[in-house]
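Subject: Structure for you to look through

Dear colleague,

Here is the structure I promised to hand over, and below it you will find my notes on what I found. Please keep the view open while you read, so that you can follow each part on the screen.

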Amino acid sequence: MEKLRIALQKKGRLHDDSMKLLKEAGIKFNIGSGKLVAQSPNFPIEVLFLRDDDIPQTIADKVADIGVVGENEVEEKDFKLTIAKRLGFSKCRISLAIPKADEYPGLEYFQGKKVATSYPVILKKYFAEKNISANIHEIAGSVEIAPGIGLADGIFDIVSSGSTLVANRLKEVEVVMQSEALLVQAEDMSDEKKALLQELLFRINAVMAASSNKYILLNAPNDKVDEIVKVLPGMKSPTVLPLAQEGWSSIHSVISEKQFWEIIGKLKDNGAEGILTFPIEKMIL
Ligand SMILES: Nc1ncnc2c1ncn2[C@@H]1O[C@H](COP(=O)(O)OP(=O)(O)OP(=O)(O)O)[C@@H](O)[C@H]1O
Ligand SMILES: O=P(O)(O)OC[C@H]1O[C@H](OP(=O)(O)OP(=O)(O)O)[C@H](O)[C@@H]1O
Ligand SMILES: [Mg+2]
């Protein structure tokens, strides 16, 4: 039987969430210390642990079938890969930043300037689109240090909270792209591997839907039930059950994390009492 080969980051920002996702999808691994390949005893899958920079090419070369990697790396390496699923973690943006004390008149600031980055391909494309002629200086890491030590005038790098910029007396002036972790796949996979990927995606969808929803349980006087049901979407529609106390009902439903507080507010306004919410482990739609 064929096995699906997945490339994951060996260690770093993507590693823990990638492993957690597979674990929650019910896939176990036998990982020996220092081993760079792991087998699963309960799913036909093999994991290759790599540097994240190497993941796009490994998939493009068909050494791995799928992989978890940041959108920024996929864009930078520019191989023909297909996005199988946006995974929603490791969210960040890739931005241009300059010394805090400098005035920023707009993109023309960068005309003829030296910009340090680990993402030269993305930056070159961006500057070309905007007709900026700058000197792109590629460095592998610690990019934020470059202006302070006289290596460059500005930088182009990952920003999340912005605290690394602040610590290095820099300010973000242009957001060039948003990024998140992606599950990417090679083109032209065999039918057998495609079927395995579909099974994996089915499980990942169930895990992701569960984590973005909550189970909700509440009590309401019967004359308020119709109004409350309108506020609660549910998977199909809410469940309404009579309480032992006459004139009251118990309502059960599923609500999305994004609308959580908005819905709770409306429920309270409509007379809901004893509201309880629970995390959902898996959600099969
Ligand atoms: N501060 C951050 N917040 C959110 N996501 C981030 C942050 N920093 C990086 N990322 C995302 O995680 C990916 C991996 O980041 P990490 O810092 O682990 O990379 P790395 O040092 O290049 O790792 P490797 O050793 O595998 O080459 C980045 O390409 C980006 O997509
Ligand atoms: O806006 P912030 O929240 O400060 O995050 C941005 C920083 O995070 C990443 O570095 P990381 O901490 O992963 O270190 P590394 O570059 O050495 O991998 C990235 O390279 C930035 O330097
Ligand atoms: Mg890397």
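Around ligand 1 there are 16 residues, and those that come nearest are Gly-12, Arg-13, Gly-70, Cys-92 and Ser-160. Please bear in mind, here and in everything below, that this is a predicted model. Sorted by class, the shell around ligand 1 is made up of three nonpolar, seven polar and six charged residues. Two domains share in this shell, since domain 1 (4–89 + 180–210) and domain 2 (92–179) each give at least three residues to it.

Ligand 2 has its own surroundings, which consist of Arg-13, Gly-141, Glu-144, Asp-157, Ile-158, Val-159, Ser-160, Ser-161, Gly-162, Ser-163 and Thr-164. In terms of class, the shell around ligand 2 has two nonpolar, six polar and three charged residues.

The domain assignment divides the chain into domain 1 (4–89 + 180–210), domain 2 (92–179) and domain 3 (213–279). Between the C-alpha centres of domain 1 and domain 2 there is a distance of 30 Å, and where these two domains touch, seven residues of domain 1 are in contact with seven residues of domain 2. On the domain 1 side of this contact, helix α3 (residues 71–77) provides the largest share, namely four residues. That side has no nonpolar residues, while two of its residues are polar and five are charged.

Another annotation in UniProt, "domain: Histidine biosynthesis HisG C-terminal", covers residues 210–282, where the chain is 26% helix and 40% strand and the end C-alpha atoms are 5 Å apart.

Next, please find strand β1 (residues 4–9), in which six of six residues are buried. From this strand, Leu-4, Ile-6 and Leu-8 point one way, whereas Arg-5, Ala-7 and Gln-9 point the other way, and all of them are buried. Strand β1 pairs in the parallel sense with strand β3 (residues 45–50) over six bridges, and within that pairing Arg-5 has Glu-46 of β3 as its bridge partner. Strand β1 also runs parallel to strand β4 (residues 66–70), to which two bridges join it, and here the bridge partner of Ala-7 is Gly-67.

Leaving aside residues up to four places away in sequence, Gly-154 touches Leu-96, Ala-97, Ile-98, Phe-110, Lys-113, Val-115 and Pro-147. Gly-154 and Ile-59, by contrast, are 95 residues apart in sequence and 33 Å apart in space, taken from C-alpha to C-alpha.

Some loop residues also deserve a careful look. Glu-246 sits in the loop between β13 (239–242) and β14 (248–256), and this residue counts as exposed because it has 7 C-beta neighbours inside 10 Å. Although Glu-246 and Pro-221 are 25 residues apart along the chain, their C-alpha atoms are separated by 9.1 Å.

Finally, there is a point about backbone angles: most residues other than glycine have a negative phi. Lys-62, in the loop between α2 (55–60) and β4, has a positive phi near 65°, and this residue is exposed, with 12 other C-beta atoms within 10 Å. Ser-142, in the loop between β8 (135–138) and β9, likewise has a positive phi, near 45°. Ser-142 is partly exposed, with 13 other C-beta atoms within 10 Å.

With best wishes

Conventions: Residues numbered from 1 in each chain as written. Chains lettered and ligands numbered in written order. Predicted model: local features only at pLDDT ≥ 70, side-chain atom pairs only at ≥ 80, totals over all residues. Buried ≥ 20, exposed ≤ 12 C-beta atoms within 10 Å, placed from the backbone. Pairing = 2+ DSSP bridges. Near = placed C-beta within 6 Å. Nonpolar A, V, L, I, M, F, W, Y, C, P; charged D, E, K, R; others polar. Domains from an automatic or database assignment. UniProt positions renumbered as here; feature names shortened; annotations may be inferred.
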